[in-house]
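The sequence and the model are shown first.

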Amino acid sequence: MTASVGSPKNKGRIVIVSGPSGVGKGTVLKELLARNPRIFPSVSATTRSPREGEKEGINYYFLSKGEFEAKIARGEMLEYASYSGNYYGTPADKVQEKLDLGIDVLLEIEVQGAKKVMDARKDVISIFLLPPSREELERRLVGRGTEDAETIRRRLEASGYEMGMAGLYQHQVVNHTVEQAAEEIEKILHAGCGQMD
Ligand code: 5GP
């Protein structure tokens, strides 16, 4: 049942999903979006290099540091943060456009940026995705093989701080399996219907 997510009678909601690197956000959210095609996934901008297979405008807008800083200066970012040596940010224009159409917008962002959005706006549903254990997180991060050893080390280091922030979010979901986690998020979104202004 997807009809009530992002009802056109109301404004859409900003759905923030955060979680440490390697927790499986990408896979879980892909499943969520497949089940709920009316949710609009915001495409972030970043200064990090594309990973193999990542495409401009699909996974990210890949910008130089100068380009990113120019966007900040022009006030074009809803939020941004520095993470693991790079900038990441949400371009504001598309987000507002979709919300005004009654469409929920999904932001898969890290905790500093998430906190800024949560502090600034009321139309937010916030969800933190947790690994079943710290060992499992490390296993997943190493296992996906997309980062070098130094990047993995930095990301694991960041994960302690990130998981300490889980309590700031309205909901915490443990990613035991992709289906279970996507289903729990879906339930949260449906339960949230009708609570907005
Ligand atoms: P990755 O390099 O693995 O794609 O992303 C690193 C971290 O940046 C992840 O925690 C991801 O959620 C976060 N991230 C991606 N896009 C944004 C964004 O637009 N803003 C913020 N604040 N974080 C983001």
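Does Glu136 count as buried or exposed? The model is predicted, and in it Glu136 has a relative accessibility of 17% and counts as buried, because that value lies under the cut-off of 20%. Its salt-bridge partner is Arg139, with the closest N and O atoms 2.9 Å apart. Both residues belong to helix 5, where three residues, about one turn of the helix, separate them. Arg139, in contrast, counts as exposed, because its relative accessibility of 55% is over 50%.

**Overall form**

The protein chain comprises seven helices and nine strands. Its C-alpha trace extends over about 50 × 40 × 30 Å along the principal axes. A compact globule of 197 residues would have a radius of gyration near 16 Å, and the value of 16 Å for the protein chain therefore agrees with that expectation. Of these 197 residues, 46% count as buried. If contacts between residues at least 6 apart in sequence are considered, 71% of them join residues at least 24 apart.

Four strands, in the order 4-3-6-5, make up an open sheet with mixed pairing. Strand 4 (60-62) and strand 5 (77-83) are the edge strands, each of which pairs on one side only. On average, neighbouring strands of this sheet are turned by 25 degrees against each other, direction ignored. Within the sheet, strand 3 (residues 44-46) and strand 6 (residues 86-91) are paired in the antiparallel sense over two bridges. Ala45 has Gly89 in strand 6 as its bridge partner. Helix 3 (residues 92-100) packs on the sheet and touches strand 4, strand 5 and strand 6. The direction of helix 3 makes about 30 degrees with that of strand 6.

**Salt bridges**

The structure holds 20 salt bridges.

| Salt bridge | N to O distance |
|---|---|
| Arg51 and Glu147 | 2.6 Å |
| Arg139 and Glu136 | 2.9 Å |
| Arg51 and Glu54 | 3.9 Å |

Arg51 takes part in a salt bridge with Glu147 and in another with Glu54. Why does the pair of Arg51 and Glu147 tie together parts that are 96 residues apart in sequence? Arg51 lies in the loop between strand 3 and strand 4, whereas Glu147 lies in the loop between helix 5 (134-144) and helix 6 (149-164), so the pair links these two parts. Arg51 counts as partly exposed, because its relative accessibility of 23% falls between the cut-offs of 20% and 50%. Glu147, at 12% relative accessibility, counts as buried.

Methods. Residues are numbered from 1 along each chain as its sequence is written. This is a predicted model: local features need pLDDT of at least 70, side-chain atom pairs count only at pLDDT 80 or more; totals for chains, interfaces and linings use all residues. Side-chain values use heavy atoms; hydrogens and water are left out. Two strands pair if DSSP finds at least two bridges between them. Axes are lines fitted to C-alpha atoms, for helices over the stretch in contact, and angles run from 0 to 180 degrees between N-to-C directions. Contact means heavy atoms within 4.5 Å. A salt bridge is a side-chain nitrogen of Lys or Arg within 4 Å of a carboxyl oxygen of Asp or Glu. Buried means under 20% relative accessible area, exposed over 50%, partly exposed in between (1.4 Å probe, protein chains only). The radius of gyration is taken over C-alpha atoms; the globule rule is 2.2 Å times the number of residues to the power 0.38.
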